[in-house]
Amino acid sequence: MFKPGKGETPAPKKKITVKTVSSDKKSADKKSKPRKSQGKKKDSRDIKYLTGWLMSKMAKGGAKLLRSNADKVNKLNVFPVPDGDTGDNMRMTIESGIAAIENLDTDDLAEVMRVFSHGMLLGARGNSGVILSQFFAGTAKGFEGAVEADPYTLGRALQMGVKQAYASVMTPTEGTILTVAREAVDYATSKITPSSTIRTFFADFVGEMHESLERTPEALAVLKEAGVVDSGGAGLLYIMEGFNKVLNGEEDAEDDTASVPAPTHAAKAAAVSSSFGPDSKMEYGYCTELLIQLMRDKTDIDAFDVEPLKEFLSGIGNSIVAFKTDSIVKIHVHTFEPEKVLAHCREFGEFLAVKIENMSVQHTETEGAEPAPEIPVEKKKYGVVAVTNGPGIRDMFIEMGADQTIEGGQTSNPSTNDFLEAFGKIHAECIFVFPNNGNIFMAASQAAKFYTDAKVVVIPSKDVGTGYVALTAADLSGDDPDAIAEEMKAAMQNVTSGYISPAVRDAEMDGVKIRKGDTIGIMGKKIVLSDPDMRCAAYRLAVKLLEEPDKFMLTVFRGAGTTEEDQEDLRKCLEENCPSAEVYFVDGGQEIYPYIFTAE
Amino acid sequence: MNEYIIYADSACDIKPEILKEWGVDFLPLTFRFSDSEKEYVDGEIDPREFYAKMREGAVAKTAAVNAERFTEEFDKILAAGKDLLYIGFSSGLSTTYNSGRLAAEQLREKYPDRKIFTVDSLSASAGFGLLLYLTVGMKNEGATIEEAAAFAEETRFHLCHWFTVDDLVYLKRGGRISPTLAFVGNALGIKPVLHMDDEGHLINMFKVRGRRSSVTALADKYGELALDKKGGTVFICHGDCDSDVEVLKQVLADRYGAEVKLVTYTGTVIGAHSGPGTLALFFVGEHR
């Protein structure tokens, strides 16, 4: 069962890195750039007020703890398939908030929270990431006008955070991050007395959050069946534990800020304070960011896959981000050997931009130049943005009229900001968005709310198959975008999706016995079969889908892990045994799932 | 009343023996495969063989009937003292009707005592065939040539042509559909549903996902437009896709109790443009 690590209870403090601030001392703290601990011991009762400076320190501590535990959160996956990404999503979400406050020089709590939560809103990815960002955005609203907060104000603000988090979900489910946040806030708020301090508040808060997380399997049957606690709740707990560690002086959050991606603000380059001299130890390595133009004479651009690259990078560094957009690959890695990264990457491309920063040197700089966005000539009526996974699926969406595609999927959820960037490249009156994944829908919806240059309609497509059906079924020559959206949604209603995936652990779900290494077949949201043979599993699932009432047509999206022979085998079996079915094959190249099916 | 002949052309996709039974004379359009100079008369090659060739990639080019041929044939009828009602293939798709009309104009001077009528069917394939069938029916019931011509003029706007094609590439290639209307038809599993408008042009009406849906969409249109759903005359044409015909017949029977009077191959000239896998439903409706 999930153990959120040490420090659930306020441990004895060895050093206090936060200063106590009373309102009359505030002006003296204005200059306070985050600085190293003075190791001065303070009593917990001293921290009566949460200040902006303290908040930003705590935020960094929260991000840090989540960062080192993101993998554990990823593994809290309900389905025994290798697609858990809640930890990464939440980590990237909070890091986007951290990047936003990195150079913020204020002790004003409301301002720090406003900037922090706005950064999170933009960086939000995955449903848990979106809920997290909304929780902080609501809390930030609760702090409006407050330069600092006592426990009462803190409690009220967190209540607003909970409220906004709930409101951000169409049908809030209990036993999730929402419940964990709500119960912890309610409990901690009810415990406030006039003698409460920020520290006692967080002790109650985190303590109850831990309890609440352990209760999630009781509230949500799927968790119980899978034998895990809620992953989003776990991610939130790590963040709050990180807050607590900073409060209790167990953690000097400053140590690790360098691993936070550098913010994009220009003109800060001058602010180089050299903390790296002739006798310094190379402690943190280099933050290395490359923008690589894939070259046709060096590699097959369409088939180029970033996964092996990620693997290579993980051998020599960490904090890896690597993604491909069209023929351009962007990577981010923290490594002691940037020269190896350069040499490796030149095997398939040339650099458009290179940034290598010594992370011991406290400075920030502008990010590598982004490719200039194309300037559209004329505003068209409709634009389409689709999240695609794999080159085949991307091409298919482009062929069907997608103006922008965002590479993403089950394990790499694009952020709200990724959507905003894609919207910005389209010059249209109305943009239809196909998130093509249940876990990307919220980030897309959040972006839709932020975007003001065009009406944005998010079509809730839960996989690439249904998204494709919706896009092809619609007639984009109509005048009324709402009518088109309805048409798309109606087409999706008619679709039953199926997925084939490897099983990563033994399990028994929905009455199906699953052994690690088997291939499982998922229909809609249910596991319907498990088979030691991938081809058999694919065929059996295809037949099951076609046996559903009123299903005559099957589109098969073949994933990266399957071969032409696998596909031919499936085609032959289906031709022989389901001769009346219309079957179409698409070389999708998606990850995780060897096959995605849509039956109509 | 003087005897009159109803004259047609082969674009009506009714077999010669049946036309003969109806007492309808006709001239065939022609085609050739693009890799050869050899010209075939519409119907000369067995449709199954023809569609097999198309499926293998053969491209067929079609040619209208010229005015000379019509003049020759019409002359024989008029010279024999019979009147003439020519009902021709939609002028929206071919110059055949215009050739017939020119021939008729020319012959009016030569035979001032004969009655000569031409009607642009604004129809094609068995839709045109159905118009002929109904007009022949009028004639058999004793309609005069004037009445028969007026009937055809009026009834043509009630002849519904609803059809689906397996691949729009054939219609696009032959220029029988305007490129802007030939909207996305190449996406996997997307099937267009088309009809013929009042000007005799092919119009892409909407698209559905899957062949099965496109077949039932034709039946939907029947339910929406047919004047006499149970007893009306229904013709079906197909480009070598018997099993889909069976599905369509079954749906029409189950839903509306409709009986299909005639099922026939889309002929080689029409088929050269619509391609294999075309399934077309023709009936009399409130409007097209």
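**Note on a predicted two-chain model**

1. Strand E6 of chain B, residues 83–88, pairs with E7(B) in the parallel sense, and the pairing runs over five bridges. This is a predicted model, and the points below should be read with that in mind. Within this pair of strands, Tyr86(B) stands opposite Thr118(B), a residue of E7(B). As background, the strands of a sheet pair through backbone hydrogen bonds, either parallel or antiparallel.

2. The two strands belong to an open sheet of four strands in chain B, with the order E2-E1-E6-E7 and parallel pairing. Its edge strands are E2 (24–27) and E7 (116–120) of chain B, each of which pairs on one side only. From one strand to the next the twist averages 25°.

3. Which helices of chain B lie across E6 of that chain? One is helix H3(B), residues 67–79, which lies across strand E1 (4–9), E2, E6 and E7 of chain B. Helix H3(B) runs at about 145° to E6(B). Another is helix H6(B), residues 145–155, which lies across E1, E6 and E7 of chain B. The angle between H6(B) and E7(B) is about 10°.

4. Chain A also has an open sheet of four strands with parallel pairing, and the strand order here is E8-E7-E9-E10. Strand E8 (404–407) and strand E10 (455–458) of chain A are its edge strands, each pairing on one side only. The twist in this sheet averages 20° from one strand to the next.

5. Strand E7(A), residues 380–388, and E8(A) pair in the parallel sense over four bridges. At one position of this pairing, Val385(A) has Gln404(A) in E8(A) as its bridge partner. Helix H12(A), residues 391–399, lies across E7 and E8 of chain A and runs at about 170° to E7(A). Helix H16(A), residues 481–493, packs on the sheet as well, where it touches E7, E9 (428–434) and E10 of chain A. The direction of H16(A) makes about 15° with that of E9(A).

6. Salt bridges deserve a separate point. Side chains of opposite charge can pair when their charged atoms come close. Over all chains, the structure holds 41 salt bridges. One of them joins the side chains of Asp403(A) and Lys380(A), at 2.3 Å from N to O. Asp403(A) lies in the loop between H12 and E8 of chain A, whereas Lys380(A) is in strand E7 of chain A, so this pair ties together parts that are 23 residues apart in sequence.

7. Next comes the interface. How many residues of chain B are in contact with chain A? Eleven residues of chain B are, and they meet 15 residues of chain A. The size of an interface is often given as the accessible area lost when the parts come together. Between them, chain B and chain A bury about 1,100 Å², with 61% of it on carbon and sulfur atoms.

8. The count of salt bridges between chain B and chain A is one. The side chains of Arg209(B) and Glu600(A) meet in a salt bridge, with 2.7 Å from N to O. On the side of chain B that touches chain A, the elements that give two or more residues are strand E9 (190–196), strand E10 (202–209) and helix H8 (211–225) of chain B. The residues of this side divide into four nonpolar, two polar and five charged.

9. Most residues other than glycine have a negative phi. Ile592(A) is not a glycine, yet its phi is positive, at about 65°. This residue lies in the loop between strand E17 (582–587) and strand E18 (595–599) of chain A. Ser125(B) also has a positive phi, near 50°. Ser125(B) is found in helix H5 of chain B, residues 125–140.

Methods
Residues numbered from 1 in each chain as written. Chains lettered and ligands numbered in written order. Predicted model: local features only at pLDDT ≥ 70, side-chain atom pairs only at ≥ 80, totals over all residues. Heavy atoms only, no water. Pairing = 2+ DSSP bridges. Axes fitted to C-alpha atoms, helices over the stretch in contact; angles between N-to-C directions. Contact = heavy atoms within 4.5 Å. Buried area = accessible area lost by both parts, 1.4 Å probe. Salt bridge = Lys/Arg side-chain N within 4 Å of Asp/Glu carboxyl O. Nonpolar A, V, L, I, M, F, W, Y, C, P; charged D, E, K, R; others polar.
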